[in-house]
Amino acid sequence: MRRWREKIRSSTPLHVVGLAEILAICGLVASLIYLLSFFGIAFVQSVVSNSDDEEDFLIDSRAPRSQAKPPKPAPAPAPCALLGNPAAAPEKMPEEDEEIVAAVVAGKIPSYVLETKLGDCRRAAGIRRESLRRITGREMDGLPLDGFDYASILGQCCELPVGYVQLPVGVAGPLVLDGRRIYVPMATTEGCLVASTNRGCKAIAESGGASSVVLKDGMTRAPVVRFPSARRAAELKAYLEDPANFDTLAVVFNRSSRFGRLQGVKCAIAGRNLYMRFTCSTGDAMGMNMVSKGVQNVLDYLQDDFPDMDVISISGNFCSDKKSAAVNWIEGRGKSVVCEAIIKEEVVKKVLKTNVQALVELNVVKNLAGSAVAGALGGFNAHASNIVTAIFIATGQDPAQNVESSQCITMLESVNDGKDLHISVTMPSIEVGTVGGGTQLASQSACLDLLGVKGANRESPGSNARLLATVVAGAVLAAELSLISAQAAGHLVQSHMKYNRSSKDMSKAAS
């Protein structure tokens, strides 16, 4: 406008414009276009969308309902190859259970009374698990809850359950032992263990099999009592170890069970404390509860003649349970078993990939001398505990008793003019049973049934438990043979790298 006024004063035509004026006009036009697009586009879009909605409404209202097609759902994302199928979303807990969970979390209801109060073991486990989740903030998604009979463990196997742990079970065999072909179940997470035991079974089978003998069968319990003086403790020791008094003690002891039968009493003194180690047969049960009941009967009986006897504990560790102790190594506890086999020279070369002399030398240097240098107590073997624990878990034994049950000395000798190999394992304290405890659980019962030792043997009480002990020793024999051979041949590391490492490319699976 200022330029137009100047043109009017100077009588310059208005249609004549210069470069600056052209740029100003272009800027003005551009500003107008920008303002229209900025404020007008929202209005245009709203008009268009409203017309589209009205059109869709008219189409849907006019079309028959039977012809209306629902929109296709979006495809679900593919599950991660590493995690597998994701678990379904948990169902909402009933309102009644919600109240119980809140009371448990608040400490108003003790968790251990849920089974009794509810009368439903599965429901109790679920409520306890949800309470634990809220208290700790941990989800425990990988711990299964369903698929287990919680009523089967009530009052005998596990308290306060919130789930169960899954363990793979492998089978080694056939183990040819005492003329039987036995397939041995082993629950383990250690790679190569079942495969190595299986190779030992093959070597034994191709050499004619193994044989075993049960030397002793007696469970022990050792209470500790205290007297005013060491002299009084010695008087009771003499009474208990006098053969003339054994029959009386046996009658008192044997009242507790049809199968528990007193075999003997061995005493030890420490000052005025007396430790009495009772040994008894227990039929097909492992027998800890059985022998404890018998011991209690004897203590009650002795109290009349020794009123100054102060019972400190039903167990004074002279038993000795779940601890490595020389008394078990020397005297035995549970089943004392020896298992042996002669492995032919051609089998040593073909199956075990080594030779007899190398095996004999390695056993002396490693299992005998090496264990002696280490100050081992019953540990004169390669890995007996591996097999004992795997079979114990699979068959419902007490895994903690692998401590004394794994005590073993492995012996290797060359026989038949040095051509063949004689191998033996001596295990003085294998503590097993086929009734009671975890043996009655479904999975463990199935493993015992596979071995042919499920439950009690009515015709010959105790024979099933003794057979199970020989199977443990036979499997240890096979595993010792295989591992020692792998070490003698220098194959141990190679086999573990081949069979004990995942071949999956985890980086590709993750991507």
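1. The α3/α5 crossing. Helix α3 passes helix α5 in a right-handed crossing. This is a predicted model. The axes of α3 (residues 95–105) and α5 (residues 121–136) come within 9 Å and cross at roughly 55°. That angle makes α3 oblique to α5. From α3, the residues in contact are E96, D97, E98, I100, V101, V104 and V105, and they meet R123, I127, E130, S131, R134 and I135 of α5. By class, the contact of α3 with α5 divides into 6 nonpolar, 1 polar and 6 charged residues.

2. The α7/α9 packing. Here the angle is about 125°, and the axes of α7 and α9 are 13 Å apart. The two helices are therefore oblique to each other. An angle would have to be over 145 degrees to count as roughly antiparallel. The crossing of α7 past α9 is right-handed. On the α7 side, R232, L236, Y239 and L240 take part; they meet Y301, L302 and D305 in α9. The residues of this contact of α7 with α9 comprise 5 nonpolar, no polar and 2 charged.

3. F227 sits in the loop between β4 (224–226) and α7 (230–241), while F306 sits in the loop between α9 (288–305) and β7 (310–313), so the pair ties together parts 79 residues apart in sequence. Both ends are out of the solvent by the accessibility criterion: F227 is buried, and so is F306.

4. A stacked pair. F253 and F278 form an aromatic pair of the stacked kind. F253 and F278 are both buried.

5. A ring cluster. F148, Y150 and Y164 are linked into a cluster by ring pairs.

6. Two cis peptide bonds to check. G173 and P174 are joined by a cis peptide bond, with omega about 5°. P174 is placed in strand β1 (residues 169–177). The bond from C319 to S320 is also cis, with omega near -5°. S320 lies in a loop, between β7 and α10 (326–331).

7. D178 has phi near 55°, a positive value in a residue other than glycine. D178 is found in the loop between β1 and β2 (180–187). Is D178 buried, partly exposed or exposed? D178 is partly exposed, with a relative accessible area of 34%. C192 also has a positive phi, of about 80°, although C192 is not a glycine. The loop between β2 and α6 (193–206) holds C192. At 15% relative accessibility, C192 counts as buried, because the cut-off for buried is under 20%.

8. V453, a buried loop residue. V453 lies in the loop between α15 (442–451) and α16 (463–489). Its relative accessibility is 1%, so V453 counts as buried. Which residues does V453 contact, leaving aside its neighbours within four places in sequence? They are T434, L448, N464, L467 and L468. V453 and G433 are 20 residues apart in sequence, and their C-alpha atoms are 9.4 Å apart in space.

9. N289, an exposed helix residue. N289 lies in helix α9. With a relative accessible area of 61%, N289 is exposed. The C-alpha atoms of N289 and R221 are separated by 9.4 Å. Along the chain, N289 and R221 are 68 residues apart.

10. The whole protein. There are 18 helices and 11 strands. Of the 511 residues in the protein, 39% are buried. Among contacts with a separation of 6 or more, 70% come from residues 24 or more positions apart.

Definitions and conventions. Residues numbered from 1 in each chain as written. Predicted model: local features only at pLDDT ≥ 70, side-chain atom pairs only at ≥ 80, totals over all residues. Heavy atoms only, no water. Helix = DSSP H or I, 4+ residues; strand = E, 2+ residues; numbered from the N terminus. Buried < 20%, exposed > 50% of the residue type's maximum accessible area, 1.4 Å probe, protein only. Phe/Tyr/Trp six-rings, centres within 6.5 Å; stacked < 30°, edge-to-face > 60°. Axes fitted to C-alpha atoms, helices over the stretch in contact; angles between N-to-C directions. Parallel < 35°, antiparallel > 145°, perpendicular 65-115°, else oblique. Left-handed = near helix turned anticlockwise from the far one by under 90°. Contact = heavy atoms within 4.5 Å. Nonpolar A, V, L, I, M, F, W, Y, C, P; charged D, E, K, R; others polar.
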